[in-house]
Amino acid sequence: MNLEIARLRLPLAAFVLELDAVLQSRVTGLFGASGAGKTSLLETIAGLRRPTAGHISLDGMVLTDVGEGIFLPPEARGIGFVPQDGALFTHLDVRGNLSFSQRVRTHPARTAPTFEHVVEVLNLGPLVARRIGSLSGGEKQRVAFGRALLAAPQLLLLDEPLASLEVELRDQIISYLRRIRDEFKIPMLLVSHNADEMVALCDEVLVLETGRCIRRGPAAELFRPSPRPHHVLAKPVERAPFA
Amino acid sequence: MSPDAWQVTWFTAWVAVTSTLCILPPGLALAWLLARRNWPGKSIVETLVALPLVIPPVATGLILLKLFGRHGFIGRWLEETLGVEVVFTWKAVVLATAVMSFPLLVRTARVAFENVNPRVEHVARTLGAGPWRVFWTITLPLARSGVIAGAVLAFARALGEFGATVMVAGFIPGKTETLSLSIYHLVQLGRDGEALGLLAVSVALAFGAVWFSERMLRKAVA
């Protein structure tokens, strides 16, 4: 994957999101406190928000270029987006949700994984005929992943996929996310404010604070294991000033 | 019921259904625009749409008469280009009931559209659906209870319309005679018994419509 974000500017309520980055990892984490601009960045990449300046391209395809007046609508981007609550379609059953993209797609998709393959990897078999209202939090999250995968995305954006889940469920969902990563080879951009998730899933992490990337590096280096149950953000190494 | 009473009941129901069907497409489009988009003049359009709810129906009828009459701005154009005459025909009855029930449909449908989580629509876009498809496959199905409730309220309002109808369509037996006009006319003639019969029909129709609408709204909230 090669996601290029250049001179991006997106004014938000309290600050301006500004970013310049080339992302090439399998799983990239966007880490930061609530309100740091992480979700807004995902929405901008998905084409759900228009930046006021900048350029975004994915594997050579220009998605947004404010200067050139290019703005590909979300349905033409081939980018999957799974918001925090999954945002499942409650008027459809699980099967209707999973097959939604196959029914509505107007733009040619890349080769999609088969329905059966996705159902098997995410263990959705027993859920297919169920109503959305009868699913647990973890089940909803898996259906949301499956629905996004079946649209054959070139990139999967996941907004706090574990935030609304109980702690015991998190490990289970993390292992499903690993399976998605390994089985379907779809690069992912993962938003979280939990360091453990970053370490468990991400190759590289960008730390955002009030709309800017303040640090960037491999997850294992950025987050040092701490004696407490949670990882802490490692302090940047103080460099001796030149004499 | 006398054959006349049947005819009046049938005509009234037919007018209410026709006017509701006529206002559905523009009403839903406007409700969606009010719920989901910001545009210049939005508040003025919002106020204009609500106006028939608050000004006397007779005044609304007079405005329609002036606009659609033979010398009216729209009426003259319709007659000259299409050869269509509106006032004092069944078309005027449909017009009056449509204008009077339009706000009820728009306001109810607007709330229904506003209650659909935009995030769900966003996700549908990322799954490959264009804006039009999102409306038909996501927004409208999720708002359907509220939309149906709005349509039924509009239908019920159309059943009982009096003031605007009498201004723009007059009272022409067998031609523009609705239940409410008929009841008024019968009372004027002192035929209270027949009027009470029609009253019972009106109440039954309106009760059924509002009951159905309330049921739908409760479903929408649940």
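**Figure 1. Chain A meets chain B.** The contact draws 20 residues from chain A and 16 residues from chain B. Two residues are in contact if their C-beta atoms, placed from the backbone, lie within 7 Å. On the side of chain A that touches chain B, strand 7 (79–82) and helix 3 (100–104) of chain A each supply at least two residues. That side of chain A holds 12 nonpolar, five polar and three charged residues. Here Ala, Val, Leu, Ile, Met, Phe, Trp, Tyr, Cys and Pro count as nonpolar, Asp, Glu, Lys and Arg as charged, and the others, Gly among them, as polar. Helices (H or I, at least four residues) and strands (E, at least two) are DSSP runs, numbered from the N terminus.

This is a predicted model: local features need pLDDT of at least 70, side-chain atom pairs count only at pLDDT 80 or more, and totals for chains, interfaces and linings use all residues. Residues are numbered from 1 along each chain as its sequence is written, while chains are lettered from A and ligands numbered from 1 in the order in which they are written.

**Figure 2. The largest nonpolar core.** This core has 128 residues. A nonpolar core is a set of buried Ala, Val, Leu, Ile, Met, Phe, Trp, Tyr and Cys residues joined through C-beta atoms within 7 Å. A residue is buried if 20 or more other C-beta atoms lie within 10 Å of its own, exposed if 12 or fewer, and partly exposed in between; the C-beta atoms are placed from the backbone. The residues that touch the most other members are A:Leu157, A:Leu190, B:Leu95, B:Ala96, B:Val152, B:Phe155 and B:Val168. Helix 5 (residues 90–114) of chain B gives the most to this core, with 15 residues. Now look at A:Leu157. Leaving aside neighbours within four places in sequence, A:Leu157 is in contact with A:Leu42, A:Ile45, A:Ala46, A:Ile79, A:Gly80, A:Phe81, A:Val82 and A:Leu189.

**Figure 3. The six-stranded sheet of chain A.** The strand order is 7-8-9-3-10-11 in this open sheet, and the pairing is mixed. Two strands pair if DSSP finds at least two bridges between them. Strand 7 and strand 11 (212–218) of chain A are the edge strands, each pairing on one side only. From one strand to the next, the twist averages 20°. Axes are lines fitted to C-alpha atoms, for helices over the stretch in contact, and angles run from 0 to 180 degrees between N-to-C directions. Strand 7 of chain A runs parallel to strand 8 (residues 155–159) of chain A, and four bridges join them. A:Gly80 has A:Leu156, in strand 8 of chain A, as its bridge partner.

**Figure 4. The five-stranded sheet of chain A.** This open sheet has the order 2-1-4-5-6, with antiparallel pairing. Its edge strands are strand 2 and strand 6 (70–71) of chain A. Strand 1 (residues 3–11) and strand 2 (residues 16–23) of chain A pair over seven bridges, in the antiparallel sense. These two strands of chain A form a hairpin, with four residues between them. In strand 2 of chain A, A:Leu23 stands opposite A:Leu3. Strand 5 (residues 61–65) and strand 6 of chain A are also antiparallel, with two bridges. There, A:Thr64 stands opposite A:Phe71 of strand 6. In a regular strand the side chains alternate between the two faces of the sheet.

**Figure 5. A buried loop residue, A:Leu122.** A:Leu122 lies in the loop between helix 4 (115–121) and helix 5 (137–149) of chain A. A:Leu122 is buried because 22 other C-beta atoms lie within 10 Å. Not counting residues up to four places away in sequence, A:Leu122 touches A:Arg142, A:Phe145, A:Gly146 and A:Tyr176. A:Leu122 and A:Val207 are 85 residues apart in sequence, and 29 Å apart in space, C-alpha to C-alpha.

**Figure 6. Helix 4 of chain B.** Helix 4 (residues 73–82) of chain B is hardly covered: one of its 10 residues is buried. B:Gly83 follows this helix, and its phi is positive, near 65°. Chain B has 11 helices and zero strands. Of the 222 residues of chain B, 43% count as buried. Along the principal axes, the C-alpha atoms of chain B fill a box of roughly 65 × 40 × 30 Å.
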